[in-house]
Amino acid sequence: MKTWYLTKENGLQLQYGQIRMAKDMEALRCRIDSELQIVKGELDDTSKGVDYFGIIFSNTPVSMKVQEISRVITAINEVESVSFENVEFDRRNQTFKFYFTIHSVYGDFEYDKTFENPA
């Protein structure tokens, strides 16, 4: 049985963790995180999702990887534009870490995302 109730901090307490309400910039960060977890072709709407296997984890240039990530982020309503800052590649762990500045209706903020190669 799972139980839930409101906590003093205005969060929703579940048996295995806590759900809290996010708003404005924090909510936008959560939305970006969730949009970047969708694999292109996973949903009926083929415009949604990241082309992980065709672009992110293939031998395409970094500029194409940045363009793909930026495309997904800028499709979110509250995002006005995305500025690419830097990328780090860890050959040992097969990970890419991208750094962006997100320009949104709530203001600008730094955003980074690590992509791990599933191979």
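Is R71 buried, partly exposed or exposed? R71 is partly exposed, because its relative accessible area is 30%. Here, buried means under 20% relative accessible area, exposed means over 50%, and partly exposed lies in between, with a 1.4 Å probe and protein chains only.

Good morning, colleagues. The structure before you is a predicted model, in which local features need pLDDT of at least 70, side-chain atom pairs count only at pLDDT 80 or more, and totals for chains, interfaces and linings use all residues. Residues are numbered from 1 along each chain as its sequence is written, and side-chain values use heavy atoms, with hydrogens and water left out.

Let me begin with the overall fold. The protein chain has three helices and six strands, and from the N terminus on its elements run β-β-β-α-α-α-β-β-β. Helices (H or I, at least four residues) and strands (E, at least two) are DSSP runs, numbered from the N terminus. Of the 119 residues in the protein chain, 30% are buried. The accessible surface of the chain comes to about 8100 Å², and 49% of that surface belongs to carbon and sulfur atoms. Such areas come from the Shrake-Rupley method with a 1.4 Å probe; for residues, only the protein chains shown count as cover.

I turn next to the salt bridges. A salt bridge is a side-chain nitrogen of Lys or Arg within 4 Å of a carboxyl oxygen of Asp or Glu. The whole structure holds four of them. One joins the side chains of R71 and E68, at 2.8 Å from N to O. Both residues lie in helix α3, three residues apart, which is about one turn of the helix. E68 counts as buried because its relative accessibility is 7%.

A second example is R31 with E78, whose side chains meet at 3.6 Å, N to O. R31 lies in helix α1 and E78 in the loop between α3 (62-74) and β4, so this pair ties together parts that are 47 residues apart in sequence. R31 is partly exposed at 33%, and E78 is partly exposed at 25%. Together with E35, R31 and E78 are linked in a network of salt bridges.

The side chains of D112 and K97 also form a salt bridge, at 3.8 Å, N to O. This pair links distant parts of the chain, with D112 in strand β6 and K97 in strand β5, 15 residues apart.

Which residues does L36 touch, not counting residues up to four places away in sequence? They are V50, Y52, I69, V72, I73, Y111 and K113, where a contact means heavy atoms within 4.5 Å. L36 lies in the loop between α1 (24-35) and α2 (52-56), and its relative accessible area is 0%, so L36 is buried. The C-alpha atoms of L36 and V50, 14 residues apart along the chain, are separated by 6.3 Å.

Q94 lies in the loop between β4 (79-90) and β5 (95-104), and its phi is near 55°, a positive value in a residue other than glycine. Most residues other than glycine have a negative phi. Q94 counts as partly exposed, because its relative accessibility is 32%. T95 has its place in strand β5 and is buried, with a relative accessible area of 14%. Among the residues that T95 touches, beyond four places away in sequence, are F89 and F115.
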